[in-house]
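Work through the exercises below with the structure in view, and try each task before reading its solution.

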Amino acid sequence: MSKLIPVESILKIVGEENVISSKAHLISYALDFRLRRIITMIKKFKLEDFLPELVVMPENTEQVSEIMKIAYENEIPVIPRGAGTSLSGQLIPVKGGIILDFRKMNRILELNLRARYTVLEPGVYYKKLNKILTENGFWFPPDPGSAELCTIGGMVANNASGLRACKYGTTKDYVLGLEVVLPDGKIIKTGSKAQKTSSGLNLTDLFVGSEGCLGIITKIILRIVPKPPHEITGVASFKQFETALEAAYKVLESGLTPASMEFLDMLTVSAMNVYLPKELKLPFAKGTLLIRTDGTLQQAEEEMKQILKICEEAGGQTKIFPSKDAEELWNVRAALFQLAERALQTPESPKMSSDRIMDIAVPLDKIPEFLSKTRQIAKSYGFTFGSSGHIGDGNVHMRFMFNMDENGIKKADECEKKIINLALELGGTITAEHGIGLWKSSILEMEHGNAIEVMRKIKKALDPKGILNPGKMALDFIPDVAFLERWL
Amino acid sequence: MAVGSREYKLMRELVSCGLCGFCLAHCPTFEVLKNEAFSPRGRMIYTDLLLKEIIPVEKEILDAVFSCTNCQTCQYTCPTSVKVSELIIYLREQLSKKGAPIPQKFKEIVMELSEKGRLFSYPPDNIVKKGNPKSERLLFAGCVASSQLSNLLEITTKIMSTVGLDFKVFADENCCGGFLKILGLREEFKKLAQKNVEKFEEEGIEEVITICPLCAETLKQDYAEVTSKSINIKHVVQVLCELLDNGKLKFANSIPIKCVYHDPCHLGRHMEIYDEPRKILEAIPGLKLMEIEDMSKELSFCCGGPIREPFRDLAWKMSEKICEEAKKIGANTIVTTCPTCNRNISFNALQHEIKVQDILEIVAKALNI
């Protein structure tokens with residue numbers, strides 16, 4: 001726990017209506033899906049050790065700055081929070097402190113279509129922004145699975161991406177500049193409203209994806225692009241998983257540029273079919289490609305036609321979905337994480353999922369080798385898993401479930417580490433889009449080795465008192481709960 | 001906990017929730033308070049931790065648990081339809097078994113229900129007298145329409161008489177018990193339901209028409225717990241729609257209002273009745289029906305009526321949002337089909353210079369009765 005928080009001073013800054021101090025209510029800010037399971041099943045971890053001490057909802061940058069000055073002086077941890085949809089434990093308070101909840105800083109301050117940028121506060125919902133942009137013929141294309149709820153601030157802080165990354169890139173490709181409050185309350189601006197810059201060190205990119213560990217993002221200048229007027233969705237089903245991947249490579253090598261190209265294995269298709277209406281159910285096949293093209297109607301149709309032709313030549317059965325149905329199909333695809341929980345959990349033995357390997361990425365050409373070897377590794381431990389992913393960018397989503405007993409935890413720890421080593425040997429990364437947060441902090445060193453020291457020096461330089469989101473990204477310390485072997 | 005039992009099924013719902021937060025997107029109490037404790041995700045955390053006795057029962061947690069209106073928006077927005085509302089009711093049941101206190105205002109309502117078998121007053125005599133004692137069709141008045149909004153009963157009886165539907169009204173009508181069920185007082189609910197079922201049998205009732213959506217839902221979906229006899233249950237808006245379809249409702253008068261239709265939670269999300277009221281309104285000459293984007297049909301924003309007594313400020317802000325959004329799109333009237341919504345939104349409507357009317361009132365004017 002931190003030093004005593006001067007609540008009265010904070011109340012003077014933001015007003016009573018913007019502060020939550022009830023311990024009972026703070027419980028609802030403590031847990032994510034993983035920690036909830038840990039504290040209900042492993043006695044050595046106590047809820048009390050993960051409680052924030054205060055939630056504050058600032059309404060402007062000046063308030064954030066004033067709060068940070070107090071936090072800095074009193075060495076109080078501060079955790080910035082958007083909609084609470086992160087998947088790697090980014091928001092879990094491991095040293096108490098203040099949660100800065102940005103839902104009330106939710107204004108779009110400027111929208112300049114001719115100059116192709118918008119300036120907004122971090123609490124703006126992704127969905128709201130894209131609704132307004134779409135009305136004007138523009139959009140912000142990265143589309144994470146949490147698109148229904150997530151905020152732009154959260155997306156920037158985690159460098160989120162999603163199903164359209166293969167054509168449109170990730171959040172960082174759209175951030176032109178930021179306003180950031182540093183731990184001592186100083187306000188800095190990075191980048192500009194221009195479409196490009198080579199001025200000085202790229203501080204914008206430093207803060208994007210820094211998970212609230214380096215500074216508090218209070219304004220975002222976001223590049224926006226014209227929205228393609230039409231999208232077409234198609235599916236290709238293959239008798240073998242490997243054939244599906246091979247067809248996908250042929251599509252990519254042909255020079256075609258699908259907006260999304262997802263691969264789904266049979267388990268994943270089964271899980272999706274439970275939630276799809278009869279007319280949308282996917283054929284039960286070992287390998288499936290879910291494809292989206294966009295552009296003018298003619299462009300989207302022509303590109304889809306060519307892609308499906310390649311798939312058919314590779315032995316795939318193909319189908320095009322009407323646009324009204326396609327949205328539902330993509331929504332179910334985006335909810336695979338929730339679908340897996342639904343399909344695999346039982347009250348008598350709730351299981352833990354292998355979240356440390358949930359969003360590995362490998363070089364595009366290594367996906368078949370990675371998946372094949374990963375299956376063998378998992379099988380040797382008695383685990384089976386479903387896999388899917390964004391083949392256009394090498395991002396593989398997979399999960400197995402393990403029992404929360406000694407044997408289950410030991411096996412899962414070993415198995416996850418073998419899979420991580422494999423991904424790294426193949427030239428990959430441990431996280432393509434979910435970030436490190438708390439849950440992957442114990443494995444970050446496996447990927448970065450002594451480069452972590454450089455990261456820690458940057459952290460120390462910007463946050464000398466270590467008050468910003470402590471215990472995350474292995475930048476200061478790694479909490480016990482992040483190590484599977486310490487659950488025993 | 002036997003596999004397949006109600007408890008097992010509900011625990012499966014609980015363990016399936018990944019705390020992803022999609023349920024927050026349209027939760028009315030979270031929308032107003034911006035406090036996770038008053039969100040479905042927060043309430044799922046409390047449910048898990050309270051049932052496992054990891055946290056103690058405290059007033060502030062009980063406030064979060066009992067401020068859920070049971071509107072079920074969370075279940076609609078959950079990608080895997082986790083039964084959040086049912087779990088909250090189950091939690092309330094378990095808390096009640098352990099003697100945990102419920103908010104004082106709810107307690108007073110429960111006491112009144114226990115003493116009288118209903119809230120407020122009994123159906124007015126003049127309405128009861130209009131009925132045919134031999135009829136097998138019961139007009140179930142409901143607590144609110146019997147007292148504060150008895151004009152709705154009056155209109156219903158006039159319409160039914162005009163189109164030749166006979167009915168009876170019980171002078172000693174009991175509450176349907178739906179509110180007790182929502183509060184987690186399952187045994188008390190069953191007792192009341194049993195009484196009603198016995199009375200229906202005694203009186204030879206084959207069909208029940210209700211004015212209140214909660215009554216309709218409770219009688220239709222929850223009475224299966226106490227009886228195997230199937231009775232035809234309809235909300236009055238379904239009856240009106242059937243009459244319209246059969247050409248028996250002919251709207252003579254123009255009603256020149258710009259209105260939004262507020263879908264009551266228990267008629268909409270709970271019973272999936274969205275089209276019938278709209279069809280009726282669209283058939284009325286001169287009436288312009290508008291929709292509030294992201295706040296109608298499945299995403300209808302709960303008015304806060306069910307929690308108004310113990311959480312007045314919260315319920316006020318919830319209904320205020322409905323009035324504000326209706327005004328924003330240029331509506332001058334909010335039409336609903338629920339006496340509780342009607343009353344609760346009315347408290348707020350005056351200052352927003354917007355009217356609240358039940359669909360029955362509009363239909364009566366259009367029919368010139």
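**Exercise 1.** Determine the handedness of the crossing of α14(B) and α15(B), and describe how the two helices meet.

*Solution.* The crossing is left-handed, a term used if the near helix is turned anticlockwise from the far one by less than a right angle, whereas clockwise would be right-handed. In this predicted model, local features need pLDDT of at least 70 and side-chain atom pairs count only at pLDDT 80 or more, while totals for chains, interfaces and linings use all residues. Residues are numbered from 1 along each chain as its sequence is written, and chains are lettered from A in the order in which they are written. Next, take the axes (lines fitted to C-alpha atoms over the stretch in contact): those of α14 (residues 236-245) and α15 (residues 275-282) of chain B come within 9 Å and cross at roughly 50 degrees. The two helices are therefore oblique to each other, since angles under 35 degrees count as roughly parallel, over 145 as roughly antiparallel, 65 to 115 as roughly perpendicular and the rest as oblique.

**Exercise 2.** Which residues of α10(B) and α18(B) meet?

*Solution.* Begin with the axes of α10 (residues 150-162) and α18 (residues 359-367) of chain B, which come within 9 Å and cross at roughly 45 degrees. That makes α10(B) oblique to α18(B), and their crossing is left-handed. Finally, list the residues: Leu152(B), Ile155(B), Thr156(B), Lys158(B) and Ile159(B) of α10(B) meet Leu360(B), Glu361(B), Val363(B) and Ala364(B) of α18(B).

How values were computed
Axes fitted to C-alpha atoms, helices over the stretch in contact; angles between N-to-C directions. Helix = DSSP H or I, 4+ residues; strand = E, 2+ residues; numbered from the N terminus. Contact = placed C-beta atoms within 7 Å.
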